[in-house]
Amino acid sequence: MSREDIEFRSASAVHEYLSTVIPPVDHGVRVVGGPLCAVDLDGVLETSPLGYPCTTPLGALSVRALAAHGYRPVPVTGRCLRDAIDRCRRFGLAGAVAEYGAVVYDARTETWTDLRTTSAVAALERVRAHIAGLDDVRIDPRFRFVVRARSRSGPLPDVVAAGVVAAADGRVRAIQGQSQTDFVPQEVDKSSGLSWLAHRLDEEIALAVGDSREDLGVLAMAGLSRAPRNADETVHRSGVTITPHAYQAGFADACSDLLGHRPGGCPHCAPLTLSARSRLLCSVLALREEGIHGLPIRTMRLAAAIARRYRKARIRRNSFE
């Protein structure tokens with residue numbers, strides 16, 4: 001099994017658990033109307049504290065809260081189509097924009113649409129052919145509509161990436177990530193994909209939450225735009241309102257600004273009552289939902305919860321002796 005398949009199955013397992021203990025309000029939310037909420041995955045709804053990208057209890061609760069109040073969250077991401085479809089199915093979402101807007105998924109019909117032109121497809125084929133001749137560079141097979149490439153050290157060196165762009169006659173742009181380099185047709189981006197999806201669903205965009213330069217066009221389309229505290233410098237300088245917290249906690253801040261209360265804070269969006277064991281596991285999954293900044297206090301709370309559970313178990317055990 002490849003590393004990519006292991007990551008996908010691991011994230012699916014976490015999301016299956018979260019969608020059980022914090023279930024979608026109604027799987028019918030994917031087919032009924034409601035304003036859209038565009039949500040980036042990496043750095044907003046998902047992080048990689050477990051070694052693979054997945055959301056947290058607060059992320060799942062925030063998605064549930066938006067749906068409970070008549071909004072339709074839609075992932076708008078650079079991630080592959082398979083990941084986007086999986087999130088839609090797990091959390092009952094209306095659709096998704098994937099691979100930087102090169103492809104769009106409609107959950108109502110369970111169909112995807114390739115938004116690339118014939119010339120863009122040809123340019124990406126030249127990208128793949130050029131990369132095939134490079135030493136120690138691997139193409140991620142999960143990405144079908146853009147090209148994701150990695151060297152042994154992660155992203156391709158700038159000079160190598162520039163050579164790839166030149167091989168495609170400048171018809172693609174290189175997006176440098178933390179562990180990869182993506183090559184995307186010049187004619188598509190997240191905002192063009194979201195515009196297509198919004199037109200397809202015949203809805204306005206009420207909220208957008210993103211954390212990188214590639215999200216700026218999406219943020220400009222929404223009635224309310226927010227970026228989590230971990231957003232890159234380009235976003236911080238753009239004038240978009242930055243939330244007090246980072247990652248999933250920042251996403252929850254954005255939802256609070258839209259809804260007028262914290263996710264889960266009213267009878268409409270309150271989650272189900274969890275068992276003590278589920279609360280404990282959710283606390284473990286929540287450790288990094290605000291990044292490193294919130295880790296110490298969350299760890300102390302988790303340690304206290306484990307200690308209380310241990311004391312109760314010992315008392316019960318002693319009562320039978």
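Where does Asp-136 lie? Asp-136 lies in the loop between helix H4 (118–132) and strand E6 (137–139). Here are some notes to read beside the structure.

1. First, the ground rules. This is a predicted model, in which local features need pLDDT of at least 70 and side-chain atom pairs count only at pLDDT 80 or more, while totals for chains, interfaces and linings use all residues. Residues are numbered from 1 along each chain as its sequence is written, and side-chain values use heavy atoms, with hydrogens and water left out. Helices (H or I, at least four residues) and strands (E, at least two) are DSSP runs, numbered from the N terminus.

2. Back to Asp-136. Its phi is near 60°, a positive value in a residue other than glycine. Asp-136 has 47% relative accessibility, so it counts as partly exposed (buried is under 20% relative accessible area, exposed over 50%, and partly exposed in between, with a 1.4 Å probe and protein chains only).

3. You will find Glu-110 in the loop between strand E4 (103–106) and strand E5 (111–114). Phi of Glu-110 is near 55°, again a positive value in a residue other than glycine. With 47% relative accessibility, Glu-110 counts as partly exposed.

4. Now turn to strand E11 (residues 224–227), which is covered on both faces. Leu-224 and Arg-226 are buried on one side, and Ser-225 and Ala-227 are buried on the other.

5. E11 has strand partners to follow. Strand E10 (residues 205–209) runs parallel to E11 and is joined to it by 3 bridges (two strands pair if DSSP finds at least two bridges between them). Ser-225 in E11 is the bridge partner of Ala-208. From E10 the chain passes through helix H7 (residues 216–221) to reach E11, a right-handed β-α-β crossover (with the strands pointing away from the viewer, the path from the first strand over the helix to the second runs clockwise). Strand E12 (residues 241–242) is also parallel to E11, with 2 bridges, and Ala-227 stands opposite Ile-242 in E12.

6. Finally, a helix pair. Helix H1 (residues 3–21) and helix H10 (residues 276–285) pack with their axes 12 Å apart, at an angle of about 135° (axes are lines fitted to C-alpha atoms, for helices over the stretch in contact, and angles run from 0 to 180 degrees between N-to-C directions). H1 is therefore oblique to H10 (under 35 degrees is roughly parallel, over 145 roughly antiparallel, 65 to 115 roughly perpendicular, and the rest oblique). Val-14, Tyr-17, Leu-18 and Val-21 in H1 meet Ser-278, Leu-281, Cys-282 and Leu-285 in H10 (contact means heavy atoms within 4.5 Å).
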